Amino acid sequence: MTVGADTLAASDTPLEIAGRTFRSRLILGTGKYKDNQTMVEAITASGTEVVTVAVRRVDLDRTKEEGVLYHLDQEKWSLLPNTAGCYSAEDAIRYAQLGRAAGFTDWIKLEVIGDEATLLPDVDGLLQAARELVDEGFKVLAYTNEDLITALKLEDAGVAAVMPLASPIGSGLGLLNPFSIRLIKSRLSVPVIVDAGVGTASDACVTMEQGVDGILMNTAIAAADDPVRMALAMRQATQAGRLAYLAGRMPRREQAVPSSPTSGMLD
Amino acid sequence: MDNSNPSTIAVTINGETREVPEGLTVKDLLAHLDLHERMVVVEKNREIVRREDYGGVGVDEGDAFELVHFVGGG
């Protein structure tokens with residue numbers, strides 16, 4: 001049997017966020033690529049359908065070609081503006097409103113950062129901003145830590161997806177707390193997308209094996225020596241981890257169990 | 001400076017003080033700065049200016065503008 005794209009699609013349900021469905025369970029950031037061509041090739045290789053972008057001041061003294069929208073075909077990829085770099089609910093709400101005013105989407109990847117060294121979220125500010133943005137009609141995808149209680153409060157606030165971290169943003173340390181991620185997934189109804197910390201393909205695979213709905217990553221691909229190859233690796237690892245989760249792994253045993261028959265041995 | 005329009009006003013754009021011609025609308029300001037209006041979001045004195053209002057909202061002495069767009073980010 002040939003395992004092609006159709007077989008993969010038939011073996012899983014699509015990812016659904018805020019009423020929209022996606023075949024890919026990967027969301028990609030667009031930051032830190034060495035050039036725009038590499039970014040576009042990596043995004044294409046990853047198979048993603050959603051890419052994140054940041055809101056920043058226009059540089060008045062440079063060319064008008066620098067905005068990322070000049071390079072992203074919005075027929076292929078939906079935009080997910082973020083509030084990266086915001087350290088208060090007030091700032092995050094302001095950035096979210098600016099992102100929506102661009103006229104492409106009412107989705108927002110909400111980040112409210114609490115600490116520069118770790119970029120860990122400020123939970124109070126995050127919840128406050130999430131509630132306010134949901135009230136304003138945004139579809140909020142909330143970056144958070146791997147804490148169940150915060151995740152439950154975000155779901156109560158009405159977010160479209162909860163996005164716990166695997167490890168700190170840009171760290172590449174992989175999935176540090178699979179137990180907490182499984183716990184969050186087991187208790188939430190909204191999609192759980194692990195956001196941040198994946199370093200290489202095995203991290204993506206192990207993360208998806210926990211049963212989460214998807215992964216958002218940026219640096220692991222952008223900072224790889226060959227981002228396009230890494231994007232393909234991440235695509236396959238995400239699919240492999242998802243399939244392994246759906247397949248249901250064998251139980252762990254502390255003892256060996258022979259794979260070949262123990263009867264029929266020669267005297 | 002164009003002698004037929006010698007009057008300029010000082011406004012703040014993205015944190016920098018700039019002299020711009022008097023009597024511009026936001027639409028004119030973007031053209032003056034050589035920016036595509038479809039790619040830029042404008043905040044005037046902390047209030048977002050809707051794109052359909054660019055031609056009707058004026059630029060006045062002392063206004064503070066933020067002109068933002070999407071850049072690569074994670």
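In what order do the 3 strands of the open sheet in chain A lie, and is the pairing parallel or antiparallel? The order is 6-7-8, and the pairing is parallel. The model is a predicted one, in which local features need pLDDT of at least 70 and side-chain atom pairs count only at pLDDT 80 or more, while totals for chains, interfaces and linings use all residues. Residues are numbered from 1 along each chain as its sequence is written, and chains are lettered from A and ligands numbered from 1 in the order in which they are written.

Some terms are needed at the start. Helices (H or I, at least four residues) and strands (E, at least two) are DSSP runs, numbered from the N terminus. Two strands pair if DSSP finds at least two bridges between them. In the sheet of chain A, strand 6 and strand 8 (161–164) are the edge strands, each pairing on one side only. Neighbouring strands of this sheet are turned by 15° against each other on average, direction ignored; angles run from 0 to 180 degrees between N-to-C directions, and axes are lines fitted to C-alpha atoms, for helices over the stretch in contact.

Strand 6 of chain A is joined to strand 7 (residues 139–144) of chain A by 4 bridges in the parallel sense. Within this pair, A:Trp107 stands opposite A:Lys139. Helix 4 of chain A packs on the sheet and touches strand 6 and strand 7 of chain A, where contact requires C-beta atoms, placed from the backbone, to lie within 7 Å. The direction of helix 4 makes about 170° with that of strand 7 of chain A.

Helix 4 (residues 123–135) of chain A also packs against helix 3 of chain A. Two packed helices are described by the angle between their axes and the distance between the axes. For helix 3 and helix 4 of chain A, the angle is about 35° and the axes are 8 Å apart. Among the residues that meet are A:Ala92 and A:Ile93 of helix 3 and A:Ala129 and A:Leu133 of helix 4. This contact has 6 nonpolar, 2 polar and 1 charged residues; Ala, Val, Leu, Ile, Met, Phe, Trp, Tyr, Cys and Pro count as nonpolar, Asp, Glu, Lys and Arg as charged, and the others, Gly among them, as polar.

The loop between strand 6 (107–110) and helix 4 of chain A holds A:Leu119. This residue has a positive phi of about 55° although it is not a glycine. A:Leu119 is partly exposed, with 18 other C-beta atoms within 10 Å; a residue is buried if 20 or more other C-beta atoms lie within 10 Å of its own, exposed if 12 or fewer, and partly exposed in between. In chain B, B:Asp34 likewise has a positive phi, of about 60°, and B:Asp34 is exposed, with 9 other C-beta atoms within 10 Å.

The two chains also touch each other. Their contact takes 27 residues from chain A and 21 residues from chain B. Strand 4 (50–57) and helix 3 (89–101) of chain A each supply at least two residues of the side of chain A that touches chain B, and strand 4 gives the most, with 6 residues. That side has 14 nonpolar, 10 polar and 3 charged residues. Strand 4 of chain A pairs with strand 5 (residues 64–72) of chain B in the antiparallel sense over 5 bridges. In this pairing, the bridge partner of A:Val55 is B:Phe70.

Notes:
Contact = placed C-beta atoms within 7 Å.
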